[in-house]
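Open the model in your viewer and keep the selection tool ready. The tour goes from one selection to the next.

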Amino acid sequence: MGFWKRLWSFLRSETTIDDQIIEKVAEVKKEVREAKAAIKTAVKETGDVAKAVAPKKRAPRKPRAKKPVAKKS
């Protein structure tokens, strides 16, 4: 049984498939990091747009000036 395990590990170490898989995994991880950063940026910008579009609170009206009461003589 040990012979077959050693043979299998030897053959497996000789293939370039492992190297290709390792490279592909690294490439996918890099793309995921970039996508994550892009999503964060998009979320921030969406929040800014939502704040800009939101209705503004109206300024309170100024009270009317009281009319002077005319004194009766």
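Select L7, which lies in helix α1, residues 2-14. Helices here are DSSP runs of H or I with at least four residues, strands are runs of E with at least two, and both are numbered from the N terminus. This is a predicted model, in which local features need pLDDT of at least 70, side-chain atom pairs count only at pLDDT 80 or more, and totals for chains, interfaces and linings use all residues. Residues are numbered from 1 along each chain as its sequence is written, and side-chain values use heavy atoms, with hydrogens and water left out.

Buried means under 20% relative accessible area, exposed means over 50%, and partly exposed is in between (1.4 Å probe, protein chains only).

Patch residues have over 30% relative accessible area and no salt bridge; like charges are joined within 9 Å, and nonpolar side chains (Val, Leu, Ile, Met, Phe, Trp, Tyr) within 5 Å. A salt bridge is a side-chain nitrogen of Lys or Arg within 4 Å of a carboxyl oxygen of Asp or Glu. Accessible areas come from the Shrake-Rupley method with a 1.4 Å probe, and for residues only the protein chains shown count as cover.

Now pick the C-alpha atoms of L7 and V32. They are separated by 37 Å, and the two residues are 25 apart along the chain.

Move to D19, in helix α2, residues 17-53. D19 has 44% relative accessibility, so it counts as partly exposed. Select E23, E27, E31 and E34 as well, and you have a negative surface patch together with D19. Asp and Glu count as negative and Lys and Arg as positive, while His and the chain ends are not counted.

Finally, zoom out to the whole protein. It has two helices and zero strands. Its radius of gyration is 36 Å, well over the 11 Å that the globule rule gives for 73 residues, so the protein is more spread out than a compact globule. The radius is taken over C-alpha atoms, and the rule is 2.2 Å times the number of residues to the power 0.38. Buried residues make up 0% of the 73.

Note on methods: The place of a charge is taken as NZ of Lys, CZ of Arg, CG of Asp or CD of Glu.
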